[in-house]
Amino acid sequence: MRAVVFSGPSQFSLEDVPDPIPGPRDVVVRVEAVGICGTDIHVLDGEFAPTVFPIIPGHETSGVVEAVGDEVTELAAGDHVSVDPTLTCGECSFCSVGRGNLCENWNGAGVARTNGSTAELMVMPVRNVHRLADEVDLALAAMVEPLSCAIRGYDLLPRRMGEHYLIYGAGTMGLMMAQLAPRAGAASVTVVDRNPARLDVAEEVGVTQVALSADELQRPGGWDVVIDCTGVVPAIEDALSRVRRGGTFQQFGVAPTDAKASFSPFRVYNDELTITGSMAVLNTYGRAVELFSAGAISAERMVSHAFTLDDYGQALEMFREGSGRKLQIRPRSTESVKLI
């Protein structure tokens, strides 16, 4: 099969590699679509400590079951599926208390030690492969994985009905968090981003208000819930300053490992602020499949370009430029296209 291979920091190529062979409880998936994520860039740049090179990247995956192991009865060839990339040991101190996303031996397909899905085929344990309804758009269903991350974020928020939300960043994750907020009881959802084109999409998917800066907005007391989906230190510092007394700030965006942000410990104490992080996925993938099938997000408004495997370098360049919206690689495609 053909696959993109990261051979080391800043080194990648399209190669012919052996087809994966399923173990007794494994499933081989013919990949329909794989989304490009900021984590892929961190992996390629050598900034992600768990990564072991060489590795096939890609962890936002949808496809069709190609083959199953001898002991697999849950799925069959031809089933449409979405793939959870998270692999945990099930034995460490975090796994033993139900915190597998913090696993001491954490592994993620396309991220750490297991090959991902920027390839024609991938293999994963059957427990990680979730069947999709036939009517679900298979290519767009690669968005289930980031949706499962967004659901994890909401699992961690001490939310109440009727609160006002402010979200920094109108990229994929910001837009997903914004679309889930009304389902979590938000009375209003405001999105801030420095890119006007991305704000246009935020308006299209139904947020209450958009702005290039929170300075343009009128809420003197601040917002009940403020979520950073940028990972950018100046945005994080500004976001913290916008939280209402008694409110909650969530760090959802991935900042560089050595990034430092300033805040007022006195204000955290005096205003009784809640500050929480959200890392990856924890018992949310099945719910993400259900919510995606129910139309909880407007995936068709978020995926802007589909690239072939041959054009992976072009897709990476576009991602780094911040152009487009969600960019996907579609290994079955013979032509790269702009979708919207």
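Predicted model: local features only at pLDDT ≥ 70, side-chain atom pairs only at ≥ 80, totals over all residues.
Local features were taken at pLDDT of at least 70 and side-chain atom pairs at pLDDT 80 or more, while totals for chains, interfaces and linings use all residues. Residues are numbered from 1 along each chain as its sequence is written, and side-chain values use heavy atoms, with hydrogens and water left out.

An open sheet of 6 strands runs in the order 12-11-10-13-14-15, with parallel pairing. Helices (H or I, at least four residues) and strands (E, at least two) are DSSP runs numbered from the N terminus, and two strands pair if DSSP finds at least two bridges between them. Strand 12 (209–211) and strand 15 (274–277) form the edges, each pairing on one side only. From one strand to the next, the twist averages 20°. Strand 14 (residues 243–251) pairs with strand 15 in the parallel sense over 4 bridges, and Phe 249 stands opposite Ile 275 in strand 15. Helix 5 (residues 233–241) packs on the sheet and touches strand 10 (163–168), strand 13 (223–228), strand 14 and strand 15, contact being heavy atoms within 4.5 Å. The direction of helix 5 makes about 155° with that of strand 14; axes are lines fitted to C-alpha atoms, for helices over the stretch in contact, and angles run from 0 to 180 degrees between N-to-C directions.

A search of the whole structure finds 1 cavity of 30 Å³ or more. On a 1 Å grid over the protein atoms alone, a cavity is a set of points where a 1.4 Å probe fits but cannot get out, and a pocket is an open set with protein on both sides within 12 Å along at least five of seven lines; lining residues have an atom within 4 Å of a point. The largest cavity is lined by Ala 170, Gly 171, Leu 175, Arg 198, Gly 324 and Arg 325. The second largest pocket has 15 lining residues, and Asp 84, Thr 86, Thr 88, Asn 128 and Asn 283 lie nearest its centre.

Most residues other than glycine have a negative phi, and most peptide bonds are trans. A cis peptide bond, with omega about -5°, joins Phe 53 and Pro 54. Pro 54 is in the loop between helix 1 (38–44) and strand 4 (60–68). Ala 280 has a positive phi of about 60°, and phi of Asn 283 is near 55°. The loop between strand 15 and helix 7 (285–293) holds Ala 280, and Asn 283 is placed in the loop between strand 15 and helix 7.

Definitions and conventions
Points joined across faces, edges and corners; volume = space filled by probe spheres on them.
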